[in-house]
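I opened this entry to note what I looked up in the structure.

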Amino acid sequence: MMKFIKPFLTAIAAFLIGAFWYSSYGFRTLWLASMEQKIDDSNMFVAMGVSFALMNVMAYGIQWLIQRAKVPSSYGAGFIFGLMISLFFVTTSLGIVLAYSGKTAFLTLWAIDASYQTVFLTLMSTILAKK
């Protein structure tokens, strides 16, 4: 039972981290300036719903990868696994996409978005690796 609940709970944690990360207490002002566009608040509910759904997909995917890769059942092993997945795949992919975005501040945008992805994916892996 816990193997189905734990990924869902890590997705909630990732979502809450994002709520802070992109709030006025976090990087909202700098992030919005780097986006070089206004955010339509009327679509925010849909965007947040899609984000939460995709965070669940990521959490269950990380759990699956941890099991298939036989990552040792420890917080340290989960931390390293999540950090490496984030740095070698997620932040690099995001950097490639943003490099072609045409945004003048794409490095700032990449730093904010990639660091958020790294934090929440590393947290997910850290928690999910421990049985």
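Before reading any accessibility, I wrote down the cut-offs: a residue is buried under 20% relative accessible area, exposed over 50%, and partly exposed in between. I also noted that this is a predicted model.

**Entry: Met 84**

I looked up Met 84 and found it in helix H4.

**Entry: Thr 122**

Thr 122 belongs to helix H5. I read a relative accessible area of 5%, and Thr 122 is therefore buried. Which residues does Thr 122 touch, leaving out those up to four places away in sequence? I listed Gly 78, Phe 79, Gly 82, Leu 83 and Ser 86. For Leu 83 I noted a polar contact as well: a polar atom of the Thr 122 side chain lies 3.5 Å from the backbone nitrogen of Leu 83.

**Entry: Thr 126**

I went on to Thr 126, which also sits in helix H5, a helix that covers residues 106-129. Its relative accessibility is 15%, so Thr 126 counts as buried. With residues up to four places away in sequence left out, Thr 126 touches Tyr 75, Gly 78 and Phe 79. What does the side chain of Thr 126 reach at 3.4 Å? I found the backbone nitrogen of Phe 79 there.

**Entry: Thr 91**

Thr 91 is placed in helix H4. It is buried because its relative accessible area is 7%. A polar atom of the Thr 91 side chain is 2.9 Å from the backbone oxygen of Leu 87. Beyond four places in sequence, I recorded contacts of Thr 91 with Ser 86, Trp 110, Ala 114 and Thr 118. I also took the C-alpha separation of Thr 91 and Tyr 116, which is 9.6 Å for 25 residues along the chain.

**Entry: the core**

How many residues does the largest nonpolar core have? I noted 22, and the residues with the most contacts inside this core are Met 55, Ile 66, Phe 120 and Met 124. Two or more residues each come from H1, helix H2 (28-35), helix H3 (44-68), helix H4 (75-99) and H5. H5 gives the most, with eight residues.

**Entry: Lys 70**

I found Lys 70 in the loop between H3 and H4. At 70% relative accessibility, Lys 70 counts as exposed, since that value is over 50%. Its phi is near 55°, a positive value in a residue other than glycine. I made a note of this because most residues other than glycine have a negative phi.

**Entry: the surface patch**

Last, I looked at a nonpolar surface patch of about 720 Å². I listed its members as Met 2, Phe 4, Ile 5, Phe 8, Leu 9, Ile 12, Leu 16 and Tyr 60. Which helix gives the most to the nonpolar patch? Helix H1 (residues 2-21) does, with seven residues. I checked Leu 9, which is found in helix H1. With a relative accessible area of 43%, Leu 9 is partly exposed.

How values were computed. Residues are numbered from 1 along each chain as its sequence is written. This is a predicted model: local features need pLDDT of at least 70, side-chain atom pairs count only at pLDDT 80 or more; totals for chains, interfaces and linings use all residues. Side-chain values use heavy atoms; hydrogens and water are left out. Patches are made of residues with over 30% relative accessible area and no salt bridge: like charges are joined within 9 Å, nonpolar side chains (Val, Leu, Ile, Met, Phe, Trp, Tyr) within 5 Å. Accessible areas come from the Shrake-Rupley method with a 1.4 Å probe; for residues, only the protein chains shown count as cover. A salt bridge is a side-chain nitrogen of Lys or Arg within 4 Å of a carboxyl oxygen of Asp or Glu. Helices (H or I, at least four residues) and strands (E, at least two) are DSSP runs, numbered from the N terminus. Buried means under 20% relative accessible area, exposed over 50%, partly exposed in between (1.4 Å probe, protein chains only). A polar contact is a pair of N or O atoms within 3.5 Å; within protein, one must be able to donate a hydrogen and the other to accept it, and residues adjacent in sequence count only if both atoms are side-chain atoms. Contact means heavy atoms within 4.5 Å. A nonpolar core is a set of buried Ala, Val, Leu, Ile, Met, Phe, Trp, Tyr and Cys residues joined through side-chain atoms within 4.5 Å.
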